[in-house]
Amino acid sequence: MVVGDISTGTEVLVIGAGPGGYVAAIRAAQNGLDTTLVEKDAYGGTCLNHGCIPSKAYITGANLAYDAGHAEEMGIHADPVVDMAGMREWKNGIVDQLTGGVEKLCKANGVNLVKGTATFKDDSSVRVAHGGEGQGSETITFEHCIVATGSRPMQIPGFDFADEHVLSSRDALALEYVPDRLVVVGAGYIGMELSTVFAKLDCEVTVVEMLDDVLPGYEDDVARVVKKRAESLGIDFHFGEGASEWREGNDGGIVVATETEDGEESTYAADEVLVAVGRRPVTDTLNLEKAGLEPNEKGFLETDEQARTDVDHIYAVGDVAGEPMLAHKGSKEGMVAAEVIAGEPAALDYQAIPAAVFTDPEIGTVGMTEGEAEEMGFDPIVGKFPFNASGRAMTTGHTDGFVRIVADEESGFVLGGQIVGPEASELVAEVALAIEMGATLEDLTATIHTHPTLAESVLEAAENALGQAIHTLNR
Amino acid sequence: MVVGDISTGTEVLVIGAGPGGYVAAIRAAQNGLDTTLVEKDAYGGTCLNHGCIPSKAYITGANLAYDAGHAEEMGIHADPVVDMAGMREWKNGIVDQLTGGVEKLCKANGVNLVKGTATFKDDSSVRVAHGGEGQGSETITFEHCIVATGSRPMQIPGFDFADEHVLSSRDALALEYVPDRLVVVGAGYIGMELSTVFAKLDCEVTVVEMLDDVLPGYEDDVARVVKKRAESLGIDFHFGEGASEWREGNDGGIVVATETEDGEESTYAADEVLVAVGRRPVTDTLNLEKAGLEPNEKGFLETDEQARTDVDHIYAVGDVAGEPMLAHKGSKEGMVAAEVIAGEPAALDYQAIPAAVFTDPEIGTVGMTEGEAEEMGFDPIVGKFPFNASGRAMTTGHTDGFVRIVADEESGFVLGGQIVGPEASELVAEVALAIEMGATLEDLTATIHTHPTLAESVLEAAENALGQAIHTLNR
Amino acid sequence: QAESSAKGGRVFAAPSARRLARELGVDIAAVSGSGPSGRVTDADVRQAAESEAGASASAETESEAQDGDGPRDVDVDRKSSVTKRGE
Ligand SMILES: Cc1cc2nc3c(=O)[nH]c(=O)nc-3n(C[C@H](O)[C@H](O)[C@H](O)COP(=O)(O)OP(=O)(O)OC[C@H]3O[C@@H](n4cnc5c(N)ncnc54)[C@H](O)[C@@H]3O)c2cc1C
Ligand SMILES: Cc1cc2nc3c(=O)[nH]c(=O)nc-3n(C[C@H](O)[C@H](O)[C@H](O)COP(=O)(O)OP(=O)(O)OC[C@H]3O[C@@H](n4cnc5c(N)ncnc54)[C@H](O)[C@@H]3O)c2cc1C
């Protein structure tokens, strides 16, 4: 429905084609809604272009090279040489294939694609400025809008991503060479994933973290497994230090200065510094106030169970809609928003959002920790199984970590799982299904698990919680 | 309760310490029953010593060496050298650790361990001949007995495992070197797993199979993925040929002769021949008739829902109790038998036994195929997702294969899943839980799956069945 | 029963049962579950919807007669939401 020659209309306008936005657009179109998706940069958003996918590609590459080079115990002797430019090209090929796929899927489902940057004119139209000079702009009016503009890396004073040696995660994932020495500021999941990659590629990595442990938000015993392994890879940790500035060094490299709370200073020589201290939602460049929207103090758009903002016909999904800033949370919100607009009885009524960290070993968590279960008024029982007792883990050569299952003692309902170990990101899927289904510990243990698999460890942990473990002692 | 100086009594006697028997013994002891476990050879049975575990260790080793040597596309250049004796030692270390663990777990749970070969004297006692000369024997009387004597590899005429160049799977898993040329007789799962290992370790592998495809029992499109990959690894297949004999060759090697149904002969030069044509239950060396038991024509002991044989107080579990001859099926039966003896309301009431094949790529299946669902009177709908559309699969470098989910159209209940692809053995766990829980397709799609994971492909297949897939086109 | 399954504000029911409850306008948190440990099943949700529909369509006395069902009792809010959907 063309309203004028510079103004078009659409039933559903989606702003941003990351995993929140493109999924919302496809689902809206599948529901028969006339849908337009505006993207200023690249299809797939942060996730496909500068986040999940490129980081996981490098993690695979680094693991393969490292494992093959350290497998004498298995009788394998190799001295792999990594050509970072080649690995980057492989990664770029994957990204291109996936982003091209997203574009094709949008088109095949009938989504109208518009290239450009959207800003609100009022609560029922946006102006889209087309990229490049003299490309002009257009107005798009909408009945419903889904804001999915994602997030961007946070900067800290003294470290400007525009400076040559200061890298964001995006810059780090685009390097054509492996720096000899890298300082990583921030030991959150992005900092830890990338530190591990570079350490395995023979870079000397120093991690500086303001808090006193890696992976804030994860339980101590989970974080400890990852930290221990990182240390054994040669990563040098400095906790309780904030990065204050960087300067050119004498050796052609740089020097990164840090400060403790007490004002104690330290300096670390490096070639590059990667700043990975968190991400901020992109809500400041949209003229949100024109649509009657106001982000909260953290910059997020608050939403209800239908992914709806304070303005009834405007929805927000993905990183702009709050924590956890994870691709699959965004996609879920995108689907729900699209279905709600289509009149379906959809809601964000899931019980748990799983999360994975692709460190060595991986972490996969879902639902409540023991402490959280207690806070919620449950009387939790907990079962644990260490991977060093798993036959399958031994045969993979990776035995660090454990599976923990948290359940309600009275009812037996599974409330949560914390997995740190090989394939933890995959193993958590079964626990997530158990939680959503309202499965009990007995349901988990009654389900036959294939031998020999890592997934058996989930069963063993559940049996341990019931005092019936076969392959560990019950206490 | 010592009945005489050469005769002891026990509440529960378990014969055989494989995954059927040792699990039964531990569970029986956990239930407060006085339990004795007799094993003639090594704790852990076939599975830990000559089956699941050693084969999976070699598969890991072969994959790592092969993948690292074929990763130029990823920018990794390596030329791994495999020292088979070293790999064997690594494998032996794992086996020793696990079998030692089984022994310790049995003791810690209070199981009496007896070394020796048991034969029935009557329906309430066995004679146990201790190994070695002059070691004597003892009589053990029991109230309940669990037979868990497992299986052994089948021989075929013309190929005697006692001959130097004729290998059973057990022999193949004990080689100290990689033969230059190997003929494998039988393209079942054991033959295919081992063929893949040796092919990846630079052995020239020829597979001879009487039937006309690999992996009989698996659907064509599943088997095809594995066969195609095997061919690309250089494995040479000859279908419709039965191995008839072997002889010494002129080149210091051997010649394996085969025959088609029409009598056409072929010969293949090799250094060793591995015969992997199936396994037979060990029910012929137990004097079963003295206990009033008679195996069926295939040699199996038939059992009811409580794992009970025709003789009320004698149970049979594991490979002796029938197909599928899989470790986890045996363990499940072992637990049920032990619980039934303890008076628990246990039964073999599971809906599905998952199964995995650790070829390249892996196969994981559980529950019904589309055809089986139809036969059972369901009106199946099917959803499929190819791994080459999975971002996670791409980043692992392994994109062959697919996930298929079979459900009942009317109710939406998940009936089965066939997965061929990376980590299929692990991914099938979620589908198994879905089947046991009576989950619907909607339950699977409503459960948030972590991005980027292979497990997302299970969700995508379920969405595809519902006509709602995001990352493939729905038709 | 309903209390223990609503511990910590949580309802133990499969996603499909939760969606069905929304479709039928039933407040699943107030449905007593007949599944293991009080898990709310599809059938529980349908039954709750029926007894609500019955309750709202018929005289008060009838809904009083169902008082014995306890947790399955209908609250005014949900009654009105069912009515709205029926319009
Ligand atoms: C290094 C790294 C690794 C990560 N790894 C994982 C992981 O393993 N798993 C996981 O779940 N998450 C991971 N994440 C987080 C994940 O990338 C985000 O949660 C996800 O991308 C959020 O999706 P989104 O759709 O909300 O936003 P984004 O993916 O950020 O997409 C937003 C899109 O909107 C566009 N846009 C913004 N403003 C406008 C405008 N005004 N007009 C038009 N277009 C606009 C942007 O160009 C962008 O394409 C990772 C992130 C990083 C940085
Ligand atoms: C190469 C190979 C790979 C395999 N891979 C897998 C796999 O990946 N996954 C899977 O599920 N299965 C696999 N299997 C099959 C698996 O090994 C068997 O299903 C499993 O071992 C059966 O367990 P069980 O307890 O019934 O018997 P077994 O494991 O065979 O144990 C029987 C035990 O009984 C003892 N015994 C026999 N007779 C007597 C007697 N008279 N007195 C005392 N002791 C006695 C034997 O010494 C033996 O220790 C594989 C098998 C092979 C050969």
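Modeller: Between chain B and chain A, 21 residue pairs are in polar contact, both residues having pLDDT 80 or more. Please note that this is a predicted model.

Biologist: Which element of chain B gives the largest share of the side that touches chain A?

Modeller: That is helix α11 of chain B, residues 424-437, with 11 residues.

Biologist: And how do the residues on that side of chain B divide into nonpolar, polar and charged?

Modeller: On the side of chain B that touches chain A, 50 residues are nonpolar, 25 are polar and 15 are charged.

Biologist: How many residues does the contact take from chain B and from chain A?

Modeller: Chain B provides 90 residues and chain A provides 91.

Biologist: What area do chain B and chain A bury between them?

Modeller: The two bury about 7200 Å², and 68% of that lies on carbon and sulfur atoms. The accessible area lost when the parts come together is often used to give the size of an interface.

Biologist: How many salt bridges does the rule find across the interface of chain B and chain A?

Modeller: The rule finds four across that interface. R392(B) forms a salt bridge with E362(A), and their closest N and O atoms are 3.8 Å apart.

Biologist: Now to strands. Which strand of chain B is joined to strand β4 of chain A?

Modeller: Strand β4 of chain A, residues 81-82, is joined by two bridges to strand β3 of chain B, residues 76-77. The two strands run antiparallel.

Biologist: Which residue in β3(B) is the bridge partner of V82(A)?

Modeller: The partner of V82(A) is I76(B).

Biologist: Changing topic to chain C: how many of its residues are in contact with chain B?

Modeller: Five residues of chain C are in contact with six residues of chain B. In chain C, the residues that lose the most area to chain B are P15(C), S16(C) and R39(C), which together account for 79% of what that side buries.

Biologist: What area is buried there in total?

Modeller: Chain C and chain B bury about 380 Å² between them, with 53% of it on carbon and sulfur atoms.

Biologist: Which residues form a salt bridge there, and how far apart are the closest N and O atoms?

Modeller: R19(C) forms a salt bridge with E442(B), the closest N and O atoms being 3.7 Å apart.

Biologist: How do the residues on the side of chain C that touches chain B divide?

Modeller: That side of chain C has two nonpolar residues, one polar and two charged.

How values were computed. Residues are numbered from 1 along each chain as its sequence is written. Chains are lettered from A and ligands numbered from 1 in the order in which they are written. This is a predicted model: local features need pLDDT of at least 70, side-chain atom pairs count only at pLDDT 80 or more; totals for chains, interfaces and linings use all residues. Side-chain values use heavy atoms; hydrogens and water are left out. Contact means heavy atoms within 4.5 Å. Buried area is the accessible area (1.4 Å probe) that two parts lose on being put together, summed over both. A salt bridge is a side-chain nitrogen of Lys or Arg within 4 Å of a carboxyl oxygen of Asp or Glu. Ala, Val, Leu, Ile, Met, Phe, Trp, Tyr, Cys and Pro count as nonpolar, Asp, Glu, Lys and Arg as charged, and the others, Gly among them, as polar. A polar contact is a pair of N or O atoms within 3.5 Å; within protein, one must be able to donate a hydrogen and the other to accept it, and residues adjacent in sequence count only if both atoms are side-chain atoms. Helices (H or I, at least four residues) and strands (E, at least two) are DSSP runs, numbered from the N terminus. Two strands pair if DSSP finds at least two bridges between them.
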